[in-house]
Amino acid sequence: MKKILSLLFVAISCVSHTAYSQKDKKRLSDYVNPNIGTAHSRWFFYTPGAMPFGLAKLGPSTNAHIGNVQGWEATGYDDRDTSIEGFACLHEFQVGGIVLAPSVGKLQTIPGSLDKPDEGYRSRFDRKDEYATAGYYSVLLKDYNVKAELTATKRVGFQRYTFPKSSQSNIIFDIGNRQGESGAVKESKVTITEDGRIEGYVITTPEYVKKYQAGADVAMYFSAVLDKKPASFGTFNKKETLANAKEISGEGAGVYLTFDTKENEMITVKIGLSYTSVANARLNLETEAKKLNFDSAKKESQKVWNDYLGRITVEGKNETDKIKFYTGLYHAVLGRGLGSDVNGAYPMNNGKVGQIPLDAKGKPQHNYYNTDAIWGGFWNLTQLWALAYPEYYADWVQGQILVYKDAGWLGDGIANSKYVSGVGTNFTGLAIASAYNSGIRNFDVEKGYEAALKNELEWRDRIEGAGKMDVKQFVELGYSPFVDNMDYNTNTNGSGFSASHTLEYSYSAYAVAQFAKALGKTSDYEKLIKLADGWKLLYDKETAFIRPKYANGEFIKNFNPSEPWRGFQEGNAWQYTFYVPHNVPELVATLGKDTFNNRLDDIFTKSQQNVFGGGKTIDAFAGLSGFYNHGNQPNLHISWLFNFSGKPYLTQKWVHAICDEFYGTEGIHGYGYGQDEDQGQLGAWYVMASIGLFDVKGLTDINPSFQISSPLFDKITIKKLGKDRNKSFVIDVKNNSKTNIYLQDAKLNDSSLNQLSIDLDVIKKGGSLKMTVDAAASEKWSN
C-alpha cells in the first residue's frame with residue numbers, strides 16, 4: 001500500500017512539475033511584440049488579431065479614417081497616438097475596412113480627430129492597459145471603461161467587449177467610410193437581417209488601383225453575428241441617424257446597436273469576411289467559427305501561431321535578439337494574406353468571382369493571396385518561404401498564375417486581383433522561377449513559365465498594371481534609356497528610373513533564364529542570359545558607377561551619384577551600383593577587388609553613423625540620398641557581397657552591426673526609424689541574416705544555395721523540412737557572444753566547409769552545421 005501511495009505521489013509530483021514548467025516556460029509568441037516599429041507604420045503593419053497569412057486581420061486604428069493621398073503613406077495605427085477610433089477587420093495592401101467600435105453613453109457615429117477625441121466615438125487609452133501578441137489584442141478604452149479584445153480564425157474576426165453597467169452601451173458598424181489605404185468609398189450597404197445578423201459590403205477605389213487599373217475597384221463583404229440581442233438599433237450615414245431602420249446604403253453607411261449591460265458583461269461579435277460576396281462571408285463564418293467562442297478562437301489562433309513561429313527556433317543568451325527575431329518572423333508570416341473563401345471562390349481581375357479547382361474531397365486545391373509588390377522580396381521573403389513555408393510559396397505562385405490566366409499579365413502587387421504594382425516594375429516572374437528552382441513545383445509549370453517569359457520579354461499591348469512599360473527598349477537596346485521630365489512614370493521610350501530598371505530587368509532576366517534552362521528551353525535561355533548582361537552597358541569607367549544613359553548611347557550630364565530619383569527609383573548610384581546580384585564576381589572584377597572592398601566597407605562605416613539608413617528621421621524615404629539605406633529594398637543584399645570579394649569577415653561584421661543597430665525593440669525605433677517594412681520584408685531580412693543564411697541571388701540558380709555568415713544565436717533549428725516535412729537542420733555556434741562574431745571554423749555534417757555556402761537541397765535533407773566563432777577576424781575563407 002505504501003508503495004502504491006509512493007508511486008501515486010511521484011506521479012502527482014511529475015504532473016504538477018510538468019504543468020508548472022509548461023506554465024512557466026515562454027511560448028514563442030511571447031517574444032512577439034507587434035508594437036515594435038508602429039510609429040509611422042503602414043496600414044497593414046499593425047494587425048495583431050490575425051492568423052498567419054490570414055484574410056481576417058484585426059487591429060485598432062488611431063488615424064485610419066484620414067486615408068492617404070498617394071496610397072502608401074503611414075496611416076492606421078501609430079505608437080505616438082493616445083486615442084483609438086475603432087477596430088478594422090481588414091488590413092491589406094490597398095485593402096481596408098469593416099470597422100467596429102464600442103462606446104457607452106451618447107451615441108456618436110463619426111470617429112473624431114486625434115486632437116479632439118470627444119468630438120467622436122474614439123476613446124483615449126494608456127499603453128499600460130494595452131496588450132498585443134501574435135493572434136490577440138486587448139485594450140481598455142478609458143473614456144467608456146470598456147475592454148476591447150480581438151482575435152481571429154483565417155477568415156473570421158472576433159471582437160469582444162466587456163462593458164460597465166449601462167443602459168446605453170453601443171456597438172457601431174462603421175462600414176461606408178475610407179480606411180487606411182482602401183481609397184475613397186464608391187458604394188456601401190449595411191443590413192440588419194430578420195434573424196439579427198449584420199451584413200453588408202463596401203466597395204472602394206484605392207489610389208494604386210486608380211493608377212494601375214483605372215476603372216476597377218475593390219470590394220469587401222461581411223456577415224456578423226452577436227451573442228446578445230440589442231435593446232435598440234438603427235442606421236446612420238454622414239447626414240443623419242435613423243432609429244429602428246434596418247438598412248442603409250451609400251457613403252458613410254453604418255449600423256448602431258444599443259444594449260442594456262450589467263457590470264463586466266461581455267458581448268462578442270463574430271464577423272465572417274470575404275472578398276467575393278455576403279453569402280461567402282456567411283459561409284466562411286459558419287464553416288470556421290460556428291462552434292467557436294472568443295476564448296476557443298484565441299486558443300486556436302495562438303496554437304497555430306506558435307506552430308508557424310516554431311518552424312525556426314533560436315536559442316541563446318540575448319533575449320532582445322529573440323524579441324527581434326520572433327517579431328520579425330511574425331511580420332513575415334503575417335503579411336500578404338488570404339484572399340479566397342473556404343469554397344475556393346476568389347475575386348477575379350475583371351470584378352467577377354472565380355473558382356479555384358476542388359480536390360476529390362471538395363476542398364480547394366490551393367488558396368489565393370493578396371500581395372504587395374515583390375520588389376526586394378527575393379532578399380528576404382521568398383528565401384524564408386522556400387526554406388520554412390514552401391506550402392505558402394506554392395499557393396502564392398498559383399494565386400499569381402490565376403491573375404495571369406484571368407487578365408493576361410502577371411501583377412507584381414495585387415489587391416483582390418487588381419493590379420497595384422506600386423513601383424512600376426515586376427519581379428513576379430523571378431519569384432516563380434525561384435520557386436521552381438527551389439523545388440516548389442506543385443503548380444502549372446508550363447503556364448508559370450509562359451507568364452514569367454512574357455513578363456521579361458513582351459511589350460505589345462502591355463498594360464501599366466503589369467509594370468515594366470519600358471521593357472521594349474530594354475529588350476531591343478539591352479538597357480532602358482533615360483528620359484527627362486517623366487514625372488516618375490515609364491513608357492516605351494524609356495524611363496525616369498532607367499538605370500535602376502536596367503539593373504532590375506537584367507537580374508530578373510537571369511532568373512527566368514535559369515528557369516528556361518531547367519526546362520530545356522535553350523533558345524529562350526540564350527536570349528535571356530544575354531539580356532542579363534544589360535548592367536554592363538550602364539557602367540561608367542570614368543566615375544566607376546552605374547550611370548543613366550540616353551537612347552543615343554551618351555551618359556547623362558551633371559551626374560551626381562548621391563542624387564536619388566534621377567535614373568534611380570528610391571535610391572541612387574552609390575546604392576544601385578552594387579545591384580548585380582546574379583553576377584557578383586564579374587561586378588567585383590569590373591570595379592577591381594580593392595576598389596570594390598574599400599568602397600563597400602567605407603559605405604558601411606559611414607552609414608553606421610546614420611543607423612544604416614535614414615538616421616533618426618521618422619520618414620520612409622529618409623535614407624534615399626545616403627550611401628546605404630537598409631530601410632528600403634534596393635541594396636538589402638550588399639552586406640553579403642564580401643563573401644564574393646575575398647573578405648567574408650566583413651560580411652560577418654556588418655550583418656551583425658545592422659541587426660544590432662538598425663533593428664530596435666521600440667515603437668519608434670523598430671525597423672529603423674519609421675522605415676517602410678512592406679509586409680514582412682525587413683522582418684524576414686532579420687530572420688535570415690540572424691540565422692546566418694542568405695542568398696544574394698534570391699535562390700534563382702538551378703541548384704540554389706545560401707551564403708553563410710555567423711549567426712546571432714547559439715543554436716538554430718529549422719524544422720519540417722523535406723518532402724515529408726519530417727527533417728530538421730540544426731546550426732550550432734560555439735563560443736558565441738556579441739563580441740565573438742567572426743567565423744573560425746564551419747563543418748557541415750562533420751565535414752569542413754571549403755567555401756561559405758550551402759545548397760538549399762542539402763538543408764532540406766536535414767543535418768547539422770557546426771560553427772566556431774571568436775573575436776578576431778579569420779582569413780580562412782579569403783581569396
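This is a predicted model: local features need pLDDT of at least 70, side-chain atom pairs count only at pLDDT 80 or more; totals for chains, interfaces and linings use all residues.

Residues are numbered from 1 along each chain as its sequence is written, and side-chain values use heavy atoms, leaving out hydrogens and water.

Glu 319 forms a salt bridge with Lys 322, with 3.1 Å between the closest N and O atoms. By salt bridge I mean a side-chain nitrogen of Lys or Arg within 4 Å of a carboxyl oxygen of Asp or Glu. Lys 322 counts as buried because its relative accessibility is 10%. The two residues are three apart in helix H5 (residues 319-334), so about one helical turn separates Glu 319 and Lys 322. Helices here are DSSP runs of H or I, at least four residues, numbered from the N terminus.

Helix H18 (residues 760-764) has Lys 764 and Asp 761, also three residues apart, about one turn. Their side chains meet in a salt bridge at 3.7 Å, N to O. Asp 761 is partly exposed, at 38%.

Next, Lys 128 and Asp 129 form a salt bridge at 3.4 Å between the closest N and O atoms. Lys 128 is exposed at 68%, and Asp 129 is partly exposed at 24%.

How many salt bridges does the structure hold? The count is 47. Asp 195, Arg 197, Glu 286 and Lys 290 are linked in a network of them.

Last, Ser 523 sits in helix H12 (residues 522-531) and is exposed, at 53%.

Technical notes:
Buried means under 20% relative accessible area, exposed over 50%, partly exposed in between (1.4 Å probe, protein chains only).
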